[in-house]
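Please study the structure shown below. The briefing that follows describes how its parts are arranged.

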Amino acid sequence: MKALIVGEYRQGRLQAGTYETLAFAQQLGAEAVMFAVGSDAELPRFAGRLYLADAAACGEYNPAVHKALLLEVIARENPDLIVLCHSSYGWDLAPRLALALKAAQVSEVVDVEEGAFVVPACNAKLRRRIRPQSARTVVTLQAGAFGLTGEPAGSPELERIAGSAAGDVEFAGYEAAEKGEVDLTRAEVIVSAGRGVGKPENVDVIAGLARAFGGELGASRPVVDAGWVDHSRQVGTTGQTVAPKLYVACGISGAIQHLAGMKKSGFVVAINKDKDAPIGEVADVLVVADVLQLAPALTAALQG
Amino acid sequence: MKILVCIKQVPDMESRFKIDPSGTWYATTDLAWRMNEYDEYAVEQAVQLKEKLGGAPELMVVSIGPDRVKEAMKKALAMGCDKGVHICDPQSWEKGPFEVASFLAEYAQQERFDLILTGMQSQDRGSAQVGVLLAEMLEIPAVTTIVDFSHQDGAVTVRRELEGGLKAVVKVKLPALFTCQLGLNTPRYPTLPNIMKAKKKELITLPIADLLQAEPLAVTERVFPPQKKGGGLVLEGEVGVLAGQLLGILKEKTTVFK
C-alpha cells in the first residue's frame, strides 16, 4: 500500500500535524511519499520522497492550484491513500481532490479497524466505521488521533514541482488574533463556562468559582461566539491550548475542538447534567449535576 | 442576484442516542430535531445580504430529507428566506456526502445561483465535504470556514478561521460558495409575525426519484458508542454533598490548595 501524505505549512512554518499523517501511514504499514506547498527553510524530518512546491510562488492558501499540483503528483506516484489533517487546510482541500479522483473521502478519522476507518458522529457521542468502495481513498485525520512512535528523523529526497499563483480566489494575508485581556496558559486553575450555563448573567457564577479557586475564567466556543465571554478566554483549537493543574469544565459538552485545547490539564473535573457528554471521556471526575446549583455550593465551601 | 442556502435538519446534540436496528445509524425515533447549527449562520448571512441589497436578491433555501425536514425549512423561511425546495428523500440518512452534493448540484445547476451558503459541516455526520463538493461540481470557487463576510459590487471578502486564533483574508468574485463557521454572525430568532408569514411562502417538494442517483463511494459498516476510557469517577447525588465530596477529592489528588 502506498500513501501520499499532504504536509501543511503556515506562515512559512511546517505544521506539527504533518507528523500525524506520517504516523498514520506508519500505523497502516504503508509506503509514504510526501507532498507539501511549503519552503526549503523548514523541511520535514522524513526519510522519503518529498514533492515540494514553493509557497512563495503558489500561495499558502490557493486551493485550486494546490489541487492541480497534487493531481500531478498522484498521477506520478499512483497512491492508494491520500492523507491530510482534518484542519482548516485539510478539510478545505480534501473534497476537491476526492471529486477529481472519483474517490471516497473519509473525514476526521480517529482509528483504523479491520482495514476500515472509524470517525466520530453526533458531537463524538457515536463512532462510525466506514469502508470506502473506490479504488483510491482520501482521508483527513482528527488532530491528535495518531502519534509517531519515536522522534521523526531523516532528510527528504526533494523533488521540486512548480505551480502558478493563478487561482480562483485571492489570498490577501493573515490576521493575528487580537491581544485579549488574559493569558490563560499561565493559570494554575481554570474554571470554564460552556453553553450549559444557560445565559450571560450566569457567567458571573462561574467567574466567582474561578476566583474562589484563585484561578482564571475560561470558556468554550459557543459562549464566546455569543459574546458572553471575551475571545481571549476561549479554550480550544481556535482559542488557547492550556494545561493547568486543575481544569473545571462547567456545562461544557466536550466538542473535540474544546478537548484538544484542555486535555493535557493535570486534573479535569466536569460538571454536567448529561452523564453521556463527551467531556466525561477526559474527566478525572464527572459530577452529574446542575452547574448553577453546584458552582455556588462549591464556591461557598471553598470560602468557608 | 440569486442566493441559495443549503440546510440540514439534525437531532439536538444533547439527545441520548440509540443505535438503529440496522446498526449503521442512530435510531431516529424519540429525538428532538432542529436546524443544523452551522446552517443557521448561513441563513442569517444570506438574509443580512438580502436586507443590505434592499430586498432585491431572490433567496432560496434547499434541504434533503424526509417530510420532517420541512420544519427546519420553515424556520429558514421565517428568518427571511423567500422560497424553499424540499428534496424529499426518506432514506437521506444513508446517503454519503458525494451523493448529497450530487443531488444539490443537479438542482442548483439549472438555477445558476450567484451565491451559495452552507454550514461548514453538519452536527451529526460532520464530514465538512458537501459544500466544497457542490462548488466543485458547479465549477465555482469555494471558501470554507468563514467567520466574516462582506459583499461589494459582486466581490466578496471573507475571513477564514484557522487554528490558534489566526484568520486568513480571502477575496472572491461571485459566483461562489462559502461554508459558514459558528460565530459568523448572530442568527436571529424568527418573530411570531414572520413565522405566520412564512406559512404562506412557497415550499416546493422535489421527489428524490426525479434526480440522478449517484453510486455510493463508501459504506457505513457499523455505528457504535465510543469506548469509555474508564478511570474517571462519576459522582451523583445531592448538591451539598457533592460539593464536599469533590473538594475532598481535589485536596487529595491535586496540589492546587498547597
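Two residues are in contact if their C-beta atoms, placed from the backbone, lie within 7 Å. By this criterion, 68 residues of chain A and 65 residues of chain B take part in the contact between the chains. This is a predicted model, in which local features need pLDDT of at least 70 and side-chain atom pairs count only at pLDDT 80 or more, while totals for chains, interfaces and linings use all residues. Residues are numbered from 1 along each chain as its sequence is written, and chains are lettered from A and ligands numbered from 1 in the order in which they are written.

**The contact between the chains**

- The side of chain A that touches chain B has 35 nonpolar, 14 polar and 19 charged residues (Ala, Val, Leu, Ile, Met, Phe, Trp, Tyr, Cys and Pro count as nonpolar, Asp, Glu, Lys and Arg as charged, and the others, Gly among them, as polar).
- The largest share of that side, 7 residues, comes from strand β10 (residues 126-132) of chain A; helices (H or I, at least four residues) and strands (E, at least two) are DSSP runs, numbered from the N terminus.
- β10(A) runs antiparallel to strand β12 (residues 218-224) of chain B, and 6 bridges join them (two strands pair if DSSP finds at least two bridges between them).
- Within this pairing, A:Pro132 has B:Ala218 in β12(B) as its bridge partner.

- Helix α8 (residues 291-303) of chain A packs with helix α6 (residues 239-253) of chain B at an angle of about 55°, with their axes 9 Å apart; axes are lines fitted to C-alpha atoms, for helices over the stretch in contact, and angles run from 0 to 180 degrees between N-to-C directions.
- α8(A) and α6(B) are therefore oblique to each other (angles under 35 degrees count as roughly parallel, over 145 as roughly antiparallel, 65 to 115 as roughly perpendicular and the rest as oblique).
- Among the residues that meet here are A:Leu294 and A:Leu298 in α8(A), and B:Leu242 and B:Leu246 in α6(B).
- The contact of α8(A) with α6(B) has 9 nonpolar, 3 polar and no charged residues.

**A sheet with strands from both chains**

- An open sheet of 10 strands with mixed pairing has the order β13(A)-β9(B)-β8(B)-β7(B)-β10(B)-β6(B)-β1(B)-β4(B)-β5(B)-β11(B).
- Its edge strands, β13 (170-175) of chain A and β11 (203-207) of chain B, each pair on one side only.
- Strand β1 (residues 2-7) of chain B pairs with strand β4 (residues 58-65) of chain B in the parallel sense over 6 bridges.
- B:Ile3 stands opposite B:Leu59 in β4(B).
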